[in-house]
Amino acid sequence: MRYLPGAILVLALLMLASLTVGAASVDLTTIRQDPYAMLVLLESRLPRTLAVALTGSALAVAGVVLQSLVRNRFVGPETTGTAESAALGLLAITILAPGAPIWARMGVASLAAMAGTALFVTIIRRLPVREVMLVPIAGLVLAGVLRAIATFIGWQTDLLQYVDGWLMAGEFSGVIAGRYELLWIAALAAGLAWFAADRFAILGLGDQVATGLGLSVRAVMRLGLAVVAVVMAMVMTTVGLIPFLGLVVPNIVARIMGDNLRASIPVVAVFGAALLLACDLIGRLIRYPYEIPVGTILGVIGAAIFLWMLYARPARG
Amino acid sequence: MIRIEDVSHSIGPARILHDIRTGFPKGRLTALIGPNGAGKSTLVRLVGRLENLQSGRISVDGHDLALTQTLELARVMAILGQDTAIASRLRVRELVAFGRWPHHNGRPRADDHARVETALENFALTQLADRFLDEISGGQAQRAHIAMCFAQDTPWLLLDEPLNNLDMSHSRALMQRVSDLVRRQGRSVVMVVHEINYAAAWADHIIAMKDGRIMAEGDPDTVLNQRTLSELYDADVQVSRHQDRPLVLHHA
């Protein structure tokens with residue numbers, strides 16, 4: 001637990017910075033006398049900061065869960081077809097029941113995401129265990145196929161704009177109060193994962209050990225898939241696809257403090273939030289007052305970290 | 001007592017076990033011996049519910065395997081599988097501590113911590129307790145897995161080839177530890193052993209398997225004789241005696 005206080009401090013500083021950075025100037029020391037700045041803070045800055053932090057932590061935790069389900073470190077929730085399946089689900093309900101309320105749309109997106117992730121896990125479990133690199137490749141192929149189906153249906157039904165919006169590199173510039181609250185559900189799902197941390201850690205030891213210790217492998221599997229699916233569905237519909245985060249953060253944390261998930265999941269959550277917030281801030285500052293999407297920044301930084309990971313730790317899983 | 005009644009098992013078209021009907025006696029150290037592919041591991045894995053039972057019936061101290069919750073079974077028997085290579089980056093102590101999970105479900109008490117420390121000590125792992133599993137040798141990791149099973153502290157212990165990767169002194173230490181559990185604490189142990197003299201020296205009950213069938217069973221003096229063993233392994237084997245136990249000589 002000794003890494004947690006430092007990580008929380010960094011996150012707090014980044015959140016403060018995020019509250020003050022933007023086209024309109026917000027001075028936190030004089031804000032009580034400035035109703036306009038207060039409005040900007042409460043309607044735009046605070047929602048955005050919270051949205052980034054919630055997304056970052058939920059995605060990173062979903063990454064940990066997914067990696068322990070498939071026992072492979074080279075996958076993240078964004079490379080397994082989860083988002084593409086959620087997009088297919090959303091497409092389906094948009095076409096079949098255009099007037100469906102938001103909770104029904106979210107429910108369908110989550111169920112579709114769960115089905116897609118389950119398909120990925122089923123494929124993975126048939127691969128030889130030693131083929132560490134086949135796992136991410138299978139995920140990318142599956143994601144590509146599902147994306148192609150979504151694009152085709154989107155094209156045929158004139159809904160391509162929606163599909164692009166869901167599967168495009170994510171960004172937070174459109175977040176204001178009232179348009180990010182679904183992310184709390186993603187954070188809740190991540191919290192549930194922490195509650196069941198021991199179960200995921202034991203499942204990561206293999207089906208044999210898990211069964212020997214009296215766990216129902218199927219039940220833990222279902223719980224994990226539900227967590228990943230809900231997180232991805234909420235994040236994708238609210239902000240779009242965020243690359244690399246769910247892949248990179250669990251890896252860095254595991255390398256430092258290992259896979260005792262009860263201890264590491266809080267660190268993963270805080271670190272995920274801090275990394276995404278840092279990338280968002282860079283995107284907001286680099287061409288100030290214009291913005292570069294956080295997905296783009298994270299793509300560059302994440303790719304560098306991923307390469308380092310591959311070389312620093314050859315195929316040991 | 002573990003009762004096995006009319007258990008058959010196939011993988012695809014291959015019959016692995018043919019109508020096995022036997023029992024593992026309580027309070028004894030039982031060794032399963034036989035050539036590769038005899039079905040020993042499959043039998044142990046079926047008892048440990050790592051494989052689904054296809055036909056027949058197995059009960060452990062009266063708990064029917066098909067009708068008992070897996071968590072309840074985890075408090076009756078611990079099983080060590082053969083595949084102990086894992087991708088998780090856990091410290092040795094964390095792995096051993098998971099052995100207590102069936103008893104506390106995530107909320108360990110002082111007693112649980114004490115038992116983990118005892119298990120670490122028993123397998124000479126105290127020095128390694130804070131090392132990551134992927135940074136120690138295969139034999140050390142094997143000992144950590146065995147220590148986890150011991151920490152589970154169940155009346156029954158099933159070990160599938162526990163001596164894999166272990167050197168002579170650690171193998172002997174493990175056998176001593178196991179026989180201690182049986183004789184002093186009244187536990188029951190079933191193990192698959194390849195080095196037959198470990199069975200000869202320590203086991204109370206031996207089950208010899210070949211081609212998915214039981215060829216002979218009984219105490220070491222009845223099973224470990226020249227005729228049975230030569231037939232079991234299709235090789236010329238001589239049996240001598242050492243310290244009043246059979247000693248199997250298999251050098252050609």
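**Legends to views of chains A and B**

**View 1. Charged side chains of chain B in the predicted model.** Chain B carries 29 positive and 31 negative side chains. The centres of these two sets lie 4 Å apart.

**View 2. Charged side chains of chain A.** Chain A has 21 positive and 15 negative charges, and their mean positions are 11 Å apart.

**View 3. Secondary structure and dimensions of chain B.** Ten helices and twelve strands are found in chain B. Its C-alpha trace spans about 50 × 40 × 35 Å along the principal axes. A compact globule of 252 residues would have a radius of gyration near 18 Å, and the 18 Å of chain B agrees with this.

**View 4. Helices and dimensions of chain A.** Chain A contains 13 helices and zero strands. Its radius of gyration, 19 Å, is close to the 20 Å given by the globule rule for 317 residues, so chain A is as compact as a globular protein of that length. Along the principal axes, the C-alpha trace of chain A spans about 65 × 55 × 35 Å.

**View 5. Interior and surface of chain B.** Of the 252 residues in chain B, 54% are buried. Considering contacts between residues at least 6 apart in sequence, 65% join residues at least 24 apart. The accessible surface of chain B is about 11400 Å², and 45% of this belongs to carbon and sulfur atoms.

**View 6. Interior and surface of chain A.** In chain A, 56% of the 317 residues count as buried. Among contacts in chain A between residues at least 6 apart in sequence, those joining residues at least 24 apart make up 77%. Chain A exposes about 13800 Å², with 70% supplied by carbon and sulfur atoms.

Definitions and conventions:
Residues numbered from 1 in each chain as written. Chains lettered and ligands numbered in written order. Predicted model: local features only at pLDDT ≥ 70, side-chain atom pairs only at ≥ 80, totals over all residues. Heavy atoms only, no water. Helix = DSSP H or I, 4+ residues; strand = E, 2+ residues; numbered from the N terminus. Rg over C-alpha atoms; globule rule 2.2 N^0.38 Å. Buried < 20%, exposed > 50% of the residue type's maximum accessible area, 1.4 Å probe, protein only. Contact = heavy atoms within 4.5 Å. Areas by Shrake-Rupley, 256 points an atom, 1.4 Å probe, with all protein chains shown as cover. Lys, Arg positive; Asp, Glu negative; His and termini not counted. Charge placed at Lys NZ, Arg CZ, Asp CG, Glu CD.
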